[in-house]
Each structure stands twice: as C-alpha cells, then as structure tokens.
Amino acid sequence: MTSWILALDTSTPRACLALGSPDGGAPLLDIEERGANQASSTLADRIARLIAAAGIRPRDLAAIACGRGPGTFTGTRVAIATAKGVALGVGCPIYPISTLAALAASGARASWILAALDARRGEVYAATYRSDDENDLSRETDEICAPIEEAIAAARDVAASRPIVAVGPGVDAYAARLASADDLHVQTGVTLDAGGLWRAAVTAARGEAPRSPEALEAVYLRASYAQMGINRPKRPVARSPFV
C-alpha cells in the first residue's frame, strides 16, 4: 500500500506543495509565485487539486510534511495553520521540516551546502547541511539569524576546508560582500522549489518520528517588527467619530 505524504511550505515568496510516496516514484509538484503571505487565499484549493490529480482521497494521506520556518512571519503561520487543519481533519501526523533544509535541497547537489534566506536588517537566516546521497540531508550547524559572514564562518568550521556551496536569497543579497575563496562557491539564483521541499520531506520521513499536529510550532529565530516595537503603520491611524 502506498504511503502518501503531502508536503507544503509557504515561508518564502514561493508557496510550494508536493505530494508523493517516499517509497519511490516521481511526486506531484506545485509552485505559486504570488507570494507566501497571500498563499492562504489559494492554498486549500491547490491542495485539493493536487490530491485529486493523484487519484486519492484526503484520508489516504499517511502524513503531512510542513515547512516550519524560518522565513516570513505571516507565510510560516499560513503553512502551519493549514498543515494542522489538514492533519487533524484526516487524522494523520506531521513531520516538521526546516525551510532552510528545503532550500538546501533545492540547489545543485553538493556534499556541503550553506542555505541562507534574506532576513533583512543586514542579517540572514542560515544553516549548513551535509548531503551524502540523493535523499539524505543532515543539518551540521545551528539555524541562526546573523550576518552572512557569521554563517559562512560556521559553515567553514564544520566543513573543515572541504568545498561549500552557498545558496539562497540570503546569499544573493550579499553576494558582492563574499570574497572569492577556494572553499566557497556561491550559486546565485537558487530559491526554494517544490522538488527541494519533497527531498527534505523524504529525508524527514525516513529519519524522524512523526509528531502530533498539536506539537507543530513555527521557528522564527528572531522577534517580529511588531514584537520589537518598531513596526510602522502603512497608513495614518484613523479614529472613529463615535468614540
């Protein structure tokens, strides 16, 4: 019997879905470029179409694999809320997936990969991964929110002079600041895609125990603008004439 897994991630400007079986066969993939923060308006319909295209029913899902960040605050919450709703509705567990792991799996195959998302304010969300084969991806450094130079230094510490491929929007944003070195190759233009999401989902399904939907939590790595008290309203505050 096929074990179907639905994977989703909306923590980056690309809202990605994948549906397939870790036991083999090409997964069904779906990518939307509208922006993850707006994914909530289409995500349920996209999931329904993907399940229908596979010729299965929602209750045939064995598990949900959900990108839990780091990434955009709103986008990450959209994925988590949707994954919990689907998992509770069909009665299946969840595999939490790092959005950085999915990003690392979206680039060129390499033994050591530094994945970085642009966190703005001069920082990136980053972690270093080691890849042994097509579907094995292990995180070798902590996920951090820091300047790109700090992320590279952490990658070099664990890679021990072995070549590192740096990928992701966080790398693109600071490419001009990255000095050329024999141990660091910058691969520009890599964004999280549904294929990378699926590879990270398969890695999780093969190596981790699934969790109950209630245990799924977002990973932000730093406080939001609102939490830091620096969020500025997009329009002047209007007061009601009735109060």
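Modeller: Contact here means heavy atoms within 4.5 Å, and in this predicted model residues 24 or more positions apart account for 66% of the contacts with a separation of 6 or more.

Biologist: What is the secondary structure of the protein, and what percentage of its 243 residues is buried?

Modeller: The secondary structure comes to seven helices and eleven strands, and buried residues make up 47% of the 243 residues.

Biologist: Why is Arg46 called buried?

Modeller: The relative accessibility of Arg46 is 2% and buried means under 20%, so Arg46 counts as buried. The residue belongs to helix H1, which covers residues 43-54, and, leaving aside its neighbours within four places in sequence, Arg46 is in contact with Ala15, Cys16, Leu17, Asp30, Ile31 and Glu32.

Biologist: What makes the pair formed by the side chain of Arg46 and the backbone oxygen of Ala15 a polar contact?

Modeller: A polar atom of the Arg46 side chain lies 2.8 Å from the backbone oxygen of Ala15, and the cut-off for a pair of N or O atoms is 3.5 Å, with one atom able to donate a hydrogen and the other to accept it. The distance is within that cut-off, so the pair counts as a polar contact.

Biologist: How do you know that H6 is mostly covered?

Modeller: Ten of the 14 residues of H6 are buried, among them Gly196, Leu197, Trp198 and Arg199. Leu197 has a relative accessibility of 0%, and therefore counts as buried under the 20% cut-off.

Biologist: Which residues is Leu197 in contact with, leaving aside its neighbours within four places in sequence?

Modeller: They include Ala7, Leu8, Asp9, Ile97, Ala102 and Ser106. Leu197 and Ser106 are 91 residues apart in sequence, yet their C-alpha atoms are 7.3 Å apart in space.

Biologist: What caps the N-terminal end of H6, and how does the span of H6 compare with the expected value?

Modeller: Asp193 provides the cap, with a side-chain oxygen 3.1 Å from the backbone nitrogen of Gly195. From its first C-alpha to its last, H6 reaches 20 Å, which is close to the 20 Å expected at 1.5 Å a residue.

Biologist: What space lies in the second largest pocket, and which residues are closest to its centre?

Modeller: The second largest pocket holds about 370 Å³ of space, and of its 17 lining residues Arg68, Pro96, Ile97, Ser98 and Glu208 are the closest to the centre. Strand E5 (94-97), strand E8 (136-139) and helix H6 (194-207) each give two or more residues to the lining, and H6 gives the most, with three residues. The lining divides into ten nonpolar, two polar and five charged residues.

Biologist: Why is Ser161 called exposed, and why is Arg121 called partly exposed?

Modeller: Exposed means over 50% relative accessible area and buried under 20%, with partly exposed in between. Ser161, at 68%, is therefore exposed, whereas Arg121, at 37%, falls in between and so counts as partly exposed.

Biologist: What is the phi of Arg121, and what is that of Ser161?

Modeller: Arg121, in the loop between strand E6 (112-120) and strand E7 (123-133), has a phi near 55°, a positive value in a residue other than glycine. Ser161 is not a glycine either, and has a positive phi of about 75°; its place is in the loop between helix H4 (148-159) and strand E10 (164-167).

Biologist: Which residues does a cis peptide bond join?

Modeller: The cis peptide bond joins Gly69 and Pro70, with omega about 5°, and Pro70 lies in the loop between strand E4 (61-67) and helix H2 (73-90).

Conventions. Residues numbered from 1 in each chain as written. Predicted model: local features only at pLDDT ≥ 70, side-chain atom pairs only at ≥ 80, totals over all residues. Heavy atoms only, no water. 1 Å grid on protein atoms, 1.4 Å probe; cavity = no way out; pocket = protein on both sides within 12 Å on 5 of 7 lines; lining within 4 Å. Points joined across faces, edges and corners; volume = space filled by probe spheres on them. Helix = DSSP H or I, 4+ residues; strand = E, 2+ residues; numbered from the N terminus. Nonpolar A, V, L, I, M, F, W, Y, C, P; charged D, E, K, R; others polar. Expected span 1.5 Å × (residues − 1). Buried < 20%, exposed > 50% of the residue type's maximum accessible area, 1.4 Å probe, protein only.
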